[in-house]
Amino acid sequence: MAKPLEEVLSHHVHTVEAPHKRHWLLDYLSTVDHKKIGIMYVLIGVFYLLVGGVEALLMRIQLFVPNNQFVSYPTFNELFTMHGTNMIFFAAMPLIFGLVNLIMPVQIGARDVAFPFMNAVSLWFTFVGALLVNISWFFGPAPSAGWFAYTPIGLDKYTPGTGMDFYVIGLQIAGFGSLMGAINFIATILNMRAPGMTLLRMPLFTWTSLVTSGLIVFGFPPLTVGLFLYMFERLFGGHFFDATMGGNPLLWTHLFWIFGHPEVYIVVLPAFGMISEVVATFSRKRIFGYTSMVIATVLIGFIGFMVWVHHMFTVGLGAMANSIFAISTMLIGIPTGMKVFNWLFTMWGGQIRFKPPMMFALGFLPTFVIGGFTGVMLAAAPADFQYHGSYFVVAHFHYTLIGGVVFGFFAGLYYWFPKITGRMMSEVLGHINFWLMFIGFHLTFFPMHLAGLFGMPRRVPTYNPGMGLEIWNQLSTIGAFIMGVSMIVFAANVVYAFTKGKVAGADPWDARTLEWAVPSPIPEYNFAQTPLVRGLDPLWIAKEEGSTVPAAEPLGPIHMPSNSFLPLVMAVGLFIAGFAAIYHRLFFIVLGLEVIALAMFYHSLNDDEGHHILPEESTRVREVRA
Amino acid sequence: MTNVPTETHNTGTESGSGHGSVRKHIISFAIMILFTVIAFAMVGAGMSPTVVIPVILALAVIQVILQLWDFMHLNQKGHSFPTLFITSGALLGFIFVLVLVLWP
Ligand code: HEM
Ligand SMILES: [Cu+2]
């Protein structure tokens, strides 16, 4: 319980004054506020979504006609490698981290994440990691061994030049950021829930954030270890993966997919959570089978670690390994199916409102289910010998990644945009955005199933005429451009919202969870008074009683952490050290690491008490009275 | 319990008397240093790998257990989440290593 005002003040008199106003840019560069950090994560994610999208369009132009010479073949390798790397690591991950940061703490009635300073460190590490991988375009060849960087092809001997070095170092840095972020989310969810918010009253988006964070904590270390060995192999003459020197290339393949398969669930689980929130809100019903949704999420998280060998069916591990992992892979379909049925039953008999977020959720369902079907087809190990390395696999994972993650994310973004910015987006543009994306998506990726079955291998820069592949490739390219247009409509919608958008109230969708009980945009301190939670969907319970969510504490001063530039400084140090490592400049490696060490030292010794926001502050009083 | 971010305040909350005595920590810390010295000394003395490898592995296993027990507080009540996380991590690690050994 909050201490009496006088007592708090007597302890912290020196820190009570409000922080002086900074220029907005400096404020963002030094912020430790989970909402501003979340916005920057989302911006990073959207930026790399566009970069990856442009890379995809270039590939689709190249494949429009047989024997095309639009890009050179080595450039094509760089394009598909950077496309995959950007989309998974620097589009999907930051978008997920962004929305979790923006929404999860508010959903559980907290005022920030558990470690606001570390949160900023995560953000900036992700930022410089992404930057490092992508500036490889300007420093010689870009990475070109695929987003999975298979050995031996990715080793110095077969892919010379600095491209893969940028990949290895950049991903390592971004990976540190992800790990810290996940630890932060776990600590937040387990320790900072408002009174009454038991585990089984947490919104499903929070649950999926928790499980995803767990997957990161267990899934990223294998990647960290793998990248570490890779770094020694490429930069310092080690031989872990080089068979000609007694190494084992399969070691990397294992390590990568031990991480890689959980990774696909890391990005899709929060999207499941967003879909759950949107479906419940726009069906005006409590989510069907809440407990089974929680169980399914945890099961998916657990089984997700037992299936990675399904990416390695054709490397020759033998019938035993293939059978075990084929069965474990098919098992994942069960909890996933539970979720699909729960969403359907939530809609059944609900009052469905076809707003843009719901449209994306409705588009998500059949699309993701098709991706799941083809996944189970691929999981049949003997059949996979036919599909593997073909466009059929490309079709499968885009149905899951775009149908699951991107549609889920757009549902979430359209849903929470008013909460984050205080403005409504245009519904008409939202519907146009959805339909262009939905049609463009299926036109792009459905033909890929057929191209694959008719023999088109993936990762090839061109194909011969007269093999019956032209029509499928042309449809795909047209579809890809339609998707491109849908992104422009989305950008237009954002511009519309900021110029002409209606002002959104606290609860524009008639929603159910706590984030809709606070004003839009969310004030710095989230809750003037920590809320008291009395069940699942606390806001809905209050609305049914015709009241508001009750407070669990009297109005008192709110302790806030101080801004700091140190996270940015540390990230810059790591960037310098990483960049120098690629070019073997020992002096700058040491310099960069020194910067980090000094920053950490300073942060440990600097006893920063933060500051307090006093209840007299007129805005809060007004808000509480309203 | 207030749910204010207390990053700057939480130093000290963990060092309360409820978390085992300093003496125990120092003893297991000393044991770990000793083990490390033994491992280095055995390699330095040029002993045969058939002896060195199993002994180092054994020392490592004991160290891990000591670490988890004394420093990660697995021996204490009320740490159910950390215990859950560490055991599931250990289980997953076991599976990864098993597969890597069976099908390298
Ligand atoms: C029912 C669930 C799923 C099953 C049974 C399944 C099965 C498979 C199998 C067997 C492969 C290997 C195909 C091959 O290379 O020959 C594969 C590849 C892939 N899957 Fe899935 N999958 C499922 C869900 C997902 C989800 C949810 C995602 C992402 C959100 C995803 C993303 C991918 C990706 C990215 C690849 C290709 C990796 C690469 O080689 O670059 N899958 N899937
Ligand atoms: Cu997989």
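The legends below describe close-up views of a predicted model. Local features need pLDDT of at least 70 and side-chain atom pairs count only at pLDDT 80 or more, while totals for chains, interfaces and linings use all residues; side-chain values use heavy atoms, without hydrogens and water. Residues are numbered from 1 along each chain as its sequence is written, and chains are lettered from A and ligands numbered from 1 in the order in which they are written.

**View 1. The iron atom of ligand 1 and its protein donor.** A:His396 is the only protein donor of this iron atom, through NE2 at 2.2 Å. Donors are N, O and S atoms within 2.8 Å of the metal (3.2 Å for Na, K and Ca), and sites may look incomplete because water is not among the atoms. A:His396 belongs to helix α13 of chain A, residues 391–421. Helices (H or I, at least four residues) and strands (E, at least two) are DSSP runs, numbered from the N terminus.

**View 2. The copper ion, ligand 2.** Three histidines coordinate the copper ion at 1.8 to 2.0 Å: A:His261 through ND1, and A:His310 and A:His311 through NE2. The spacing of these donor residues in sequence is H-x48-H-H. Between the copper ion and the iron atom of ligand 1 the separation is 4.4 Å.

**View 3. The shell around ligand 1.** There are 22 residues around ligand 1, and A:Asp384, A:His388, A:His396, A:Phe397 and A:Arg458 come nearest. A residue is near a molecule or strand if one of its heavy atoms lies within 4 Å of it. The shell holds 13 nonpolar, seven polar and two charged residues. Here Ala, Val, Leu, Ile, Met, Phe, Trp, Tyr, Cys and Pro count as nonpolar, Asp, Glu, Lys and Arg as charged, and the others, Gly among them, as polar. Helices α8 (249–282), α11 (356–379) and α13 of chain A each supply at least two residues of the shell.

**View 4. Side chains at oxygen atoms of ligand 1.** An N or O atom in the side chain of A:His388 is 2.7 Å from an oxygen atom of the ligand. Polar side-chain atoms of A:Trp147 and of A:Arg458 each lie 3.0 Å from an oxygen atom of ligand 1.

**View 5. Helices α14 and α15 of chain A.** The axes of α14 (residues 427–453) and α15 (residues 470–499) come within 7 Å and cross at roughly 160°. Axes are lines fitted to C-alpha atoms, for helices over the stretch in contact, and angles run from 0 to 180 degrees between N-to-C directions. The crossing angle makes α14(A) roughly antiparallel to α15(A), a term for angles over 145 degrees. By class, their contact has 22 nonpolar, eight polar and no charged residues.

View 6. Most residues other than glycine have a negative phi, and most peptide bonds are trans.

How values were computed
A polar contact is a pair of N or O atoms within 3.5 Å; within protein, one must be able to donate a hydrogen and the other to accept it, and residues adjacent in sequence count only if both atoms are side-chain atoms. Angles under 35 degrees count as roughly parallel, over 145 as roughly antiparallel, 65 to 115 as roughly perpendicular and the rest as oblique.
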